[in-house]
Amino acid sequence: MIRVFGFDFPGGLFFFPLVFTILNSANDVFGYRKARQIVWFSSLALLIGGLLVWIAFLLPENPEIGFHNSELVMIRIRDALFTTAIASIIGSWLCIWVFSWLKSKTVGRHLWLRCFASTAVVHLVFATPVAFVLIHHGFAHVSFMEISLYTFGFRLLLSTLFIPMTYAFVWFARR
């Protein structure tokens, strides 16, 4: 957890706007089919990474180090990683679908609207399960509604600030 403006947020919060900026840019320039391929490969990488973490948790720990309650910590981390991975995969699929649907409705115009709307849907879906796991395992010491709303609001703000970067990526890719 990190503290920003007096509020606690998950540390990965700053990476998601960049991920969805790249995904939206690829979707706009290369189309829905290529964006789906990107999501398949990133989902596979995420699942393999999760499997490797799970295997690492199964290995015996070094008794000389003497971690107290390490099993509890591992369960918390495992649940947080699992929830984040599943929410990320679902969020990526939602992002490319909403973005492509809006692209067809706007006839390829209004990139800012497609970026904002697809990202808003993703963050709304993503904020809820992640907030539940954070609070359930004691990572966050605020109410469920507070962490959901603040996480959603802060992610949406960051994603909005990244929209000019999407325009830059699209411009560069089309050159």
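Reader: Let's start with Ser-100: in which helix is it found?

Author: Ser-100 belongs to helix H3, residues 70-105; helices here are DSSP runs of H or I with at least four residues, strands are E runs of at least two, and both are numbered from the N terminus. This is a predicted model, where local features need pLDDT of at least 70, side-chain atom pairs count only at pLDDT 80 or more, and totals for chains, interfaces and linings use all residues. Residues are numbered from 1 along each chain as its sequence is written, and side-chain values use heavy atoms, with hydrogens and water left out.

Reader: Is Ser-100 buried or exposed?

Author: Buried means under 20% relative accessible area, exposed over 50%, and partly exposed in between, with a 1.4 Å probe and protein chains only. Ser-100 has 16% relative accessibility, so it counts as buried. Across the 175 residues of the protein, 35% count as buried.

Reader: Which residues does Ser-100 touch?

Author: Contact means heavy atoms within 4.5 Å. Not counting residues up to four places away in sequence, Ser-100 touches Asn-27 and Tyr-32. Tyr-32 lies in helix H2, residues 32-58, and is partly exposed because its relative accessible area is 31%. With neighbours within four places left aside, Tyr-32 is in contact with Asn-27, Ile-96, Trp-97 and Ser-100. Tyr-32 is also 71 residues from Lys-103 in sequence, yet their C-alpha atoms are 9.9 Å apart.

Reader: What comes just after H1?

Author: Gly-31 does, and it takes a positive phi of about 100 degrees. Buried residues in H1 include Phe-16, Pro-17, Phe-20, Thr-21 and Asn-27.

Reader: What does Thr-21 touch?

Author: Thr-21 is in helix H1 and, with a relative accessible area of 4%, is buried. Beyond residues up to four places away in sequence, Thr-21 touches Phe-162, Met-165, Thr-166 and Phe-169.

Reader: Thr-166 brings us to H6. Which residues of H6 are buried?

Author: An α-helix has 3.6 residues a turn, so residues three or four places apart point the same way. In H6 the buried residues are Ile-163, Thr-166 and Val-170. Viewed down the axis of H6, these fall within an arc of 50 degrees (taken from the directions from the axis to the C-beta atoms), so they line one face of the helix. The face turned away from that buried side carries the exposed residues Pro-164, Trp-171 and Phe-172.

Reader: How many cavities of 30 Å³ or more does the search of the whole structure find?

Author: The search finds one. A cavity is a set of points, on a 1 Å grid over the protein atoms alone, where a 1.4 Å probe fits but cannot get out; lining residues have an atom within 4 Å of a point. About 50 Å³ of space lies in the largest cavity, the volume being the space filled by probe spheres set on points joined across faces, edges and corners. Its lining includes Thr-21, Cys-115, Ile-163 and Thr-166. Helices H1 (15-30), H4 (111-136) and H6 each give two or more residues to this lining, and H1 gives the most, with four.

Notes. 1 Å grid on protein atoms, 1.4 Å probe; cavity = no way out; pocket = protein on both sides within 12 Å on 5 of 7 lines; lining within 4 Å.
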